[in-house]
Amino acid sequence: MDKVKLIIFVLVFYLGLTQVSSVQIAPNTLISKEDYHRIMEFRPLAVEFMHHFGNFSQADLDLPNSRIPSQQDLQCLADMALLMNGVTSLNYWALKMIDAWGSFPKGLLYGNIMDMGNYDECIGINKAIAENYNIKGKYCYVRVPFPIELVDIRIAICIPSSCSAALMDTFFKQLFNRMLNMTLTKQIVNEDYCKTAEKEAFDGLTIFTIVLLSVLAAAMLLATLCDYFLFEDQSRLPGVIKAFSARSNSRALFRIVQPKSNPNVIDCLHGLRCMSLIWVIFSHQYILAVMAPNLNAVKMFPWIASPFASFILHGFFSVDTFLVISGLLLAMIALRSMEKTKGRLNIPMMYLHRYLRLTPVVAVAIIVHMTLIPILGDGPATDKAQFDNYDYCKSTWYLTLLYVQNYATPNMCINHTWYLAADMQLYILSPIFLIALYKWGKKAAGGIFVLMLLLSGCLFATMMTEKYPVNLDKGNINGESQRKLYLATHVHAAPWLIGFLLGYFLHLNRNKSFQLNRIFIWLGWIVSLAMLFASLFALYPAAQWTAEKLTMGEQATYYTLSRIAWPLGICWVVFACMKGYGGLANSFLSSPLWQPLSKLSYTAYMFHTVMQQINARHLRTNTVFSDYDVMLYFWQAFGFTLLMSYVIFIIVEAPFGALEGMMMPQRKPKPKTEAPDETQTDKILVVEVQKTAEPLEHATSSEQQQIE
């Protein structure tokens with residue numbers, strides 16, 4: 001979510017230059033008329049290569065620094081000679097290897113800078129030449145910095161697997177020197193972008209991941225069979241079997257509670273949570289669409305200045321909505337529980353159960369991202385279909401499991417887990433606010449409000465003193481300004497605290513019926529929508545993301561106030577829907593159809609990037625960038641995300657959640673004349689608080705009923 005506006009900004013800058021050069025072919029532009037005509041005269045790259053290197057010899061190696069050819073170099077030379085002879089003799093395997101090559105992209109001036117050739121045709125070549133020796137296909141890219149050095153033209157090539165990228169880099173530098181009179185210094189064929197049909201053996205972590213998921217799936221299957229065939233009476237179902245049974249967990253997942261069945265349940269939160277989740281996934285789909293090999297990349301330039309683009313560029317407000325809901329539910333339920341326990345909180349147990357409730361899903365997400373994405377998704381554009389650098393997980397995974405990664409390292413394991421860290425850190429601080437509200441009431445609420453203003457002022461001061469623009473490091477998620485202005489918890493504390501204060505307000509007025517004047521209701525909706533839409537469109541047109549039209553003060557003011565205006569607007573929506581003034585908005589957000597997705601929201605948030613990257617890695621040809629095409633890719637990814645989330649829910653989240661709940665002894669009924677067991681009551685409070693204040697707030701309606 002957080003990288004959308006950043007990546008698009010960089011690409012707009014690049015594509016803007018490309019568009020200018022394509023519109024005006026003049027001597028003073030980045031591409032000259034002569035260069036343009038030379039591009040148009042190029043034959044397919046394979047033809048050019050064979051024309052210049054039709055008769056391979058050791059003299060063609062021309063190795064840098066007078067390096068002596070290695071045995072691999074000589075084997076490559078022999079295989080290339082066999083390839084050339086095979087093409088001349090019309091051998092099928094040799095023709096396939098040449099046929100798999102890409103060419104200079106057609107539509108270069110339209111933003112098409114990549115020709116992917118035929119990936120599967122290339123790596124599928126396996127020709128027996130002699131006993132115990134086969135020539136196999138190797139798929140690579142040649143990256144040509146032409147016609148401008150800001151943009152590399154990518155052309156797929158298919159070569160014998162014995163040829164190293166370094167050796168082919170030498171050949172192609174010679175080729176482009178002859179063709180274009182260009183002396184290239186940087187490497188244009190890189191082993192990192194080469195692929196063969198041979199795959200590395202699974203490492204220990206990959207084997208562990210497959211075994212772990214298999215064991216969990218087997219436990220689920222066994223428990224489900226026991227549930228079906230051995231326990232007709234569900235009330236006699238053992239706790240462990242019930243925890244792992246897909247039948248039992250599916251019942252809980254798809255159980256629908258009718259709206260307004262309990263006046264203390266905030267039904268509209270289901271819709272808000274689900275809409276925000278969809279917004280996150282949709283925006284992430286645009287990141288992949290921007291990075292994809294598009295035939296019409298210059299279309300991004302007018303797109304980014306369209307009104308619709310503002311919903312994508314400002315998609316990070318969806319996370320602020322999650323934080324509002326988090327603070328709201330925590331305050332309402334914890335304060336109600338504290339009234340029953342006379343202000344007692346078993347804080348260590350709160351933290352322990354919170355950690356145990358959330359961490360299994362996070363741990364599985366880390367190892368799945370690290371190990372299974374490369375296995376399940378393989379294709380010619382894998383480097384363009386990667387949100388994060390999962391190599392970082394090898395050294396920073398434990399920081400993610402400690403929920404400190406947004407401060408502790410610039411190299412986060414899974415970038416979108418910064419939200420879990422921020423939410424957990426705010427949860428850890430929540431007892432301070434809860435105890436203060438319980439003891440000092442409205443005075444403490446005033447202090448929390450002042451704290452929210454001070455933190456917002458800190459954000460404003462950081463931007464002004466450090467001169468950080470709103471475009472935040474031009475797409476570098478691990479850049480310094482990103483870490484200070486977006487990933488830091490104190491930056492997002494304002495939405496959480498505003499939601500927390502709303503929860504306190506609703507707690508104080510839980511039995512009060514609000515009879516509001518129609519004018520006041522309309523005014524509330526108008527002001528609320530004005531704040532929401534101002535947050536989204538204040539910088540429209542989006543070309544102002546270049547920050548050339550805004551002063552530093554204007555940028556800092558927008559960035560600070562929007563993080564207050566958005567949660568305030570959401571708070572009115574919640575209040576109006578809860579008190580009967582929501583109208584159509586409440587009917588939509590409170591629909592019971594949202595409830596199953598609401599319960600899956602945590603796993604969907606954690607695993608949606610897995611499905612999106614796997615889908616993108618399966619691309620075999622160039623794509624077209626348009627809102628309609630991205631929408632098609634989104635529904636494809638969203639559908640598979642729901643399926644994957646359901647599987648993770650029934651084998652990981654629900655079983656471990658149930659086991660965690662079994663660790664907490666249940667409260668036994670006490671005679672009315674007996675004094676309550678304060679220790680036992682504290683334990684019940686822990687369960688109530690941790691269940692209803694989780695990331696994405698996927699508490700069920702039955703759990704929210706504990707408000708009363």
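The secondary structure of the protein comprises 28 helices and 5 strands, where helices (H or I, at least four residues) and strands (E, at least two) are DSSP runs numbered from the N terminus. The model is predicted, so that local features need pLDDT of at least 70 and side-chain atom pairs count only at pLDDT 80 or more, while totals for chains, interfaces and linings use all residues. Residues are numbered from 1 along each chain as its sequence is written, and side-chain values use heavy atoms, with hydrogens and water left out.

Of the 708 residues, 56% count as buried, a term that denotes under 20% relative accessible area, with exposed meaning over 50% and partly exposed lying in between (1.4 Å probe, protein chains only). Among contacts (heavy atoms within 4.5 Å) with a separation of 6 or more, 78% are made by residues 24 or more positions apart.

The largest nonpolar core holds 151 residues, and F500, V574 and F607 have the most contacts inside it; such a core is a set of buried Ala, Val, Leu, Ile, Met, Phe, Trp, Tyr and Cys residues joined through side-chain atoms within 4.5 Å. Helix α11 (residues 268-291) provides the largest share of this core, namely 16 residues. Apart from this core lies another, of 53 residues, which includes C76, L108, C163 and L184. When residues up to four places away in sequence are not counted, F500 touches G327, L328, L330, A331, F433, L434, L437 and I448. Helix α11 also contains S276, which counts as buried because its relative accessibility is 5%; beyond four places in sequence, S276 touches S318, T321 and F322.

In helix α5 (residues 92-99), the buried residues are W93, A94, M97 and I98. They lie on the same side of α5 because they cover an arc of only 135° around the axis, the arc being that of the directions from the helix axis to the C-beta atoms. The exposed residues Y92 and D99 are carried by the face of α5 turned away from its buried side, whereas the cover over the buried residues of α5 includes α3 (45-52), α4 (71-88), β2 (126-130), β3 (133-144) and β4 (153-160).

The protein exposes about 30,600 Å², of which carbon and sulfur atoms supply 62%. On the surface, F202, I207, I210, V211, V215, I375 and L376 form a nonpolar patch, to which α8 (204-230) and α15 (347-376) each supply at least two residues. Helix α8 gives the most to this patch, with 4 residues.

Methods: Accessible areas come from the Shrake-Rupley method with a 1.4 Å probe; for residues, only the protein chains shown count as cover. Patches are made of residues with over 30% relative accessible area and no salt bridge: like charges are joined within 9 Å, nonpolar side chains (Val, Leu, Ile, Met, Phe, Trp, Tyr) within 5 Å. A salt bridge is a side-chain nitrogen of Lys or Arg within 4 Å of a carboxyl oxygen of Asp or Glu.
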